Amino acid sequence: MSDKLKVGIIGLDTSHAVAFTELLNDPSEKHHVPGGKVVIAFPGGSPDFDLSISRVEGFTNELRSKYDVKITDSIEQVAEESDAILLESVDGRVHLEQLRRIISYRKPIFVDKPFSLQSEKAAEMVKLASVYQTPVMSTSALRYADALIDVLSMSGKGEIIGADCFGPMELQEKQPGFFWYGIHSIEILFAILGEGFQSVNTTANDEHDVIVGQRRDGLFGTVRGNRKGNKQFGAVIHFEQGSEYVDINTGTKPYYASLLDHIMDFFQDGIPRVSLAETREVIRFIEAANESRTTGKQVLI
């Protein structure tokens with residue numbers, strides 16, 4: 001690979017497609033991320049999902065006219081003409097099919113959240129990455145918020161013994177339950193406690209949700225979702241010697257810019273900053289939380 005990677009994008013139906021292109025292609029951008037340039041993109045879009053298809057034309061025109069990105073109607077051409085791929089399609093339902101079409105090119109691939117909407121499909125995606133020895137990474141940008149990183153790097157408070165996370169919990173029919181917006185707060189929980197959950201219990205009404213996850217080591221982690229009131233993301237991290245509040249929005253650097261820093265490092269060395277084993281558990285956690293939300297019963301992971 002050259003020093004400056006040729007980056008391809010699949011899916012121009014999310015604001016990340018434009019934001020990542022600006023950060024990579026515009027050296028004057030305040031939080032410019034060096035090391036790569038978006039050179040080609042496949043618009044995509046899901047016709048039955050308005051929050052996808054309604055955005056494709058505008059974002060496509062912006063990448064073409066403002067950043068001189070080549071637009072193609074072939075997913076395979078994106079893989080052929082790039083060194084690394086941002087799979088940005090906002091509709092998690094299409095990720096497996098799109099991954100199948102590009103995995104054999106053996107280019108590092110970042111799959112934007114949600115990785116998948118079903119744990120069985122997530123398992124197949126992980127298997128494809130292994131069979132083709134292709135580096136694949138997926139995560140929410142919220143993991144890399146400055147305020148969260150700062151608290152997690154604290155020393156002197158002992159081990160983490162639990163976490164209570166919260167954020168907006170908008171629901172979308174085409175991305176069931178917590179896969180649409182709940183995934184952000186759930187990724188914050190995993191950033192704090194890591195993988196190792198054994199069960200989930202969800203309590204919900206029209207305006208709020210509370211998810212309680214129990215880990216195999218006995219620790220609890222909670223996620224509170226709001227559809228009424230504030231739309232703030234945050235957490236309280238409980239250490240052995242005190243608890244610390246994390247206000248996700250206090251950082252000066254946008255967390256999507258911090259995420260792109262990690263993605264570009266991943267593109268260079270092929271080492272996912274979040275393991276696919278953990279990503280697969282995140283998808284199963286959400287799936288179980290959705291089931292518990294419907295049944296009112298505890299669901300094993």
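Me: Is Glu76 buried, partly exposed or exposed?
Reply: The model is a predicted one, and in it Glu76 has a relative accessibility of 23%, so Glu76 counts as partly exposed.

Me: Which residue does Glu76 meet in a salt bridge?
Reply: The partner of Glu76 is Arg101, and the N to O distance between the two side chains is 2.9 Å.

Me: Where do Glu207 and Lys228 lie?
Reply: Both are in loops: Glu207 lies between strand 8 (197–204) and strand 9, while Lys228 lies between strand 10 (220–226) and strand 11 (234–239), so this pair ties together parts 21 residues apart in sequence. Glu207 counts as partly exposed because its relative accessibility is 34%.

Me: And what does Asp269 pair with?
Reply: Asp269 forms a salt bridge with Arg273 at 2.8 Å, N to O. Asp269 is partly exposed at 40% relative accessibility, and Arg273 is partly exposed at 31%.

Me: Which residues do salt bridges with shared partners join into one network?
Reply: Asp48, Asp91, Arg93 and Lys174 are joined in that way.

Me: Changing topic: how many cavities of 30 Å³ or more does the structure hold?
Reply: The structure holds 1 such cavity. The volume of the largest cavity is about 30 Å³.

Me: What lines the largest cavity?
Reply: The lining consists of Phe115, Ser138, Thr139, Ile183, Glu187, Thr279, Val282 and Ile283. Helix 9 provides the largest share, with 3 residues.

Me: What volume does the largest pocket have?
Reply: Its volume is about 390 Å³. Of its 18 lining residues, Ser15, His16, Lys113, Tyr181 and His184 are the closest to the centre. Helix 1 (15–25) and helix 8 (255–269) each contribute at least two residues to the lining of this pocket.

Me: Where does Gln133 lie?
Reply: Gln133 is in the loop between helix 5 (119–131) and strand 6 (136–137). With 61% relative accessibility, Gln133 counts as exposed.

Me: What does the side chain of Gln133 reach?
Reply: The side chain of Gln133 reaches the backbone oxygen of Ser130 at 2.6 Å. As for Ser104, 29 residues away along the chain, its C-alpha atom is separated from that of Gln133 by 8.9 Å.

Me: One last topic: which residues form a nonpolar patch on the surface?
Reply: The patch is made of Val210, Val212 and Phe220, which together have about 210 Å² of accessible area. Val212 is placed in strand 9 (residues 208–215) and is partly exposed, with a relative accessible area of 30%.

Technical notes:
Residues numbered from 1 in each chain as written. Predicted model: local features only at pLDDT ≥ 70, side-chain atom pairs only at ≥ 80, totals over all residues. Heavy atoms only, no water. Patch = residues over 30% accessible without salt bridge, like charges linked within 9 Å, V, L, I, M, F, W, Y side chains within 5 Å. Areas by Shrake-Rupley, 256 points an atom, 1.4 Å probe, with all protein chains shown as cover. Salt bridge = Lys/Arg side-chain N within 4 Å of Asp/Glu carboxyl O. Helix = DSSP H or I, 4+ residues; strand = E, 2+ residues; numbered from the N terminus. Buried < 20%, exposed > 50% of the residue type's maximum accessible area, 1.4 Å probe, protein only. Polar contact = N/O pair within 3.5 Å; in protein donor to acceptor, adjacent residues only side chain to side chain. 1 Å grid on protein atoms, 1.4 Å probe; cavity = no way out; pocket = protein on both sides within 12 Å on 5 of 7 lines; lining within 4 Å. Points joined across faces, edges and corners; volume = space filled by probe spheres on them.
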